[in-house]
Amino acid sequence: MAFTFTSLMRIILTRSTKPFRFQSSYTNSLDFATEEDLGLYVHVPFCRKICSFCPYCKVIYDKNLARQYKEALLKEIELVGSQIQFKKEVTSLYFGGGTPALMVNDLKEIIESLKRYFVINQGIGVELHPSDISASTLAELKNAGVTMISVGVQSFHEQSLSTLGRKTLNYEEKFKLIREANFAVVDVDLIFAIPNQTEEILLNDIETAFFLGATQISTYPFIDFTFAKNQYKPLSEKAKKKMLKSISQYCQQTGCVRTAIWTFAKPGTERYSSIIRDSFLGFGVSATTLLKEQFKINTFSLDAYINRLNLNQLPTSLTLEFSRRQRAAYYLFWHAYSMKISLDKFEQFFGISLNKLFDFEFWLCERLGFVKKENEIYYLTEKGAYYFHLIEQKYTNAYIDKMWNISRQIAFPEEIVLK
Ligand SMILES: C[S@@+](CC[C@H](N)C(=O)[O-])C[C@H]1O[C@@H](n2cnc3c(N)ncnc32)[C@H](O)[C@@H]1O
Ligand code: SF4
């Protein structure tokens, strides 16, 4: 049997040949009462136009469908929230998509329904497509309590945008409105390794993003999902390596902090980060829920999602019951993505020290120069960050691509096994 890189890594970290097995077993209860560092995520699956490169779960906006979706979403919030008898403290709430601004008039109602069950301590974030930016939308977001925005610019360069199938906009004007609205966090999403993109174009994109008022940039390597309809393929891994190095050097020279493998922020600013949480509850089609012992995925089918909630049932399609080592491997993956792993926090979460579970792995990573230990925290080095960037792409291609591809086609798959 030939092992792929991802299966070998999984076997080493979990010390077992047992794959990640997602099953369709169903329950209407969700036990999150004792979860710490819990975040909330709401998925809005509507877009005005579908971008060929985008793997996320979305459909073309339809007013009637959006109205039914909102009702189902409110029902899901009630079904989940009413499982506990007290208001649960959560870190933050993020709206992603799709294009959440297409439901801007509903966001306040959705946020208020969440606030009946949760106390949101660290702010509310929303993803924005640049064409959604207008004075009235931004005012509505502020009025609903949104404190952080993430703008999917992808590139300011006309040719790079056109390769991605997008048109350029008047960004000066859009970002003037954003600066006037005064959000605590303004993230700008950029994609690198777009065909014909040079390092100069990329660095110019980063400079422009900060010049226009970004407090943080997220620079994602262009990933060619098997089910995407890309006419052009990403640049080579060698080109990605050079580009990631120049992004990191540029940000270091300009005093930015690397807050994750692909994210750089102005010092002293808060972070926009919907994924780096020890646990989270996801609402909406395709949303995921991560708890101490389980990982759950909602159906990707809008009709199935609405139907389930009309029956007062949670729209879960698949559940993974973690073994302890699987959960620990998952934990390490996302903490490594955020560039640091704290020994104390790990022990608090698992009740066992990191060095007991992964003594050899961390010894090896230190020897290879991937991590450095300071004050009981392992920090990823520049070299470690590059290798993690490779690993992250491999897992995206092997795991996320497979999971999303099947889920796009079958509303409730029997089982998905990730090896
Ligand atoms: C949910 S998407 C976009 C949010 C918003 N609808 C927009 O278009 O701006 C979040 C981000 O994922 C990134 N992304 C999407 N597809 C990608 C791909 N194939 N490769 C790399 N990054 C991608 C983009 O930077 C995008 O802004
Ligand atoms: S990139 Fe944004 S606008 Fe384009 S299809 Fe994906 S979610 Fe929709």
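How many nonpolar, polar and charged residues does the shell around ligand 1 have?

1. Basis of the note. This is a predicted model, in which local features need pLDDT of at least 70 and side-chain atom pairs count only at pLDDT 80 or more, while totals for chains, interfaces and linings use all residues. Residues are numbered from 1 along each chain as its sequence is written, and chains are lettered from A and ligands numbered from 1 in the order in which they are written.

2. Ligand 1. The shell around ligand 1 has 9 nonpolar, 6 polar and 2 charged residues. Here Ala, Val, Leu, Ile, Met, Phe, Trp, Tyr, Cys and Pro count as nonpolar, Asp, Glu, Lys and Arg as charged, and the others, Gly among them, as polar. In total 17 residues surround this ligand, and His 129, Gly 152, Asp 189, Tyr 220 and Ile 223 are the closest. A residue is taken as near a molecule or strand if its C-beta atom, placed from the backbone, lies within 6 Å of it. At least two residues of the shell come from each of strand S6 (93–97), strand S9 (148–154) and strand S10 (185–192). Strands (E, at least two residues) and helices (H or I, at least four) are DSSP runs, numbered from the N terminus.

3. Ligand 2. Around ligand 2 stand Cys 47, Ile 50, Cys 51, Cys 54, Tyr 56, Lys 58, Gly 97, Gly 98, Thr 99, His 129 and Gly 152. By class, this shell has 5 nonpolar, 5 polar and 1 charged residues.

4. A cis peptide bond. Gly 97 and Gly 98 are joined by a cis peptide bond, with omega about 15°. Gly 98 sits in the loop between S6 and helix H3 (104–115). For background, most peptide bonds are trans, and most residues other than glycine have a negative phi.

5. Two residues with positive phi. Ser 286 is not a glycine, yet has a positive phi of about 70°. Its loop runs between strand S14 (279–283) and strand S15 (288–290). Ser 286 counts as buried because it has 25 C-beta neighbours inside 10 Å. A residue is buried if 20 or more other C-beta atoms lie within 10 Å of its own, exposed if 12 or fewer, and partly exposed in between, with C-beta atoms placed from the backbone. Asn 375, also not a glycine, has a positive phi of about 45°, and lies in the loop between strand S19 (371–374) and strand S20 (377–380). Asn 375 has 8 C-beta neighbours inside 10 Å and therefore counts as exposed.

6. Strand pairing. Strand S17 (residues 316–321) pairs with strand S1 (residues 20–23) in the antiparallel sense over 2 bridges; two strands pair if DSSP finds at least two bridges between them. Opposite Thr 319 in S17 stands Gln 23. Strand S16 (residues 294–298) also pairs with S17 in the antiparallel sense, over 5 bridges, and there Ile 297 stands opposite Leu 318.

7. Nonpolar cores. The largest nonpolar core has 73 residues, of which Leu 40, Val 42, Ile 149, Val 188, Leu 190 and Phe 192 touch the most other members. S10 gives the largest share of this core, 6 residues. Apart from it lies another core, of 16 residues, among them Phe 346, Leu 354, Phe 358 and Val 371. A nonpolar core is a set of buried Ala, Val, Leu, Ile, Met, Phe, Trp, Tyr and Cys residues joined through C-beta atoms within 7 Å. In soluble globular proteins, nonpolar side chains tend to be buried together.

8. Ile 110. This residue is found in helix H3 and counts as buried because it has 22 C-beta neighbours inside 10 Å. Leaving aside residues up to four places away in sequence, Ile 110 touches Val 42, Leu 73 and Leu 74; contact means C-beta atoms, placed from the backbone, within 7 Å.

9. Domains. The chain is divided into domain 1 (1–18 + 331–409) and domain 2 (38–265), with bounds from an automatic or database domain assignment. Their C-alpha centres lie 25 Å apart. Contacts join 15 residues of domain 1 to 13 residues of domain 2. On the domain 1 side, helix H13 (residues 382–409) gives the most, with 12 residues.

Key: Contact = placed C-beta atoms within 7 Å.
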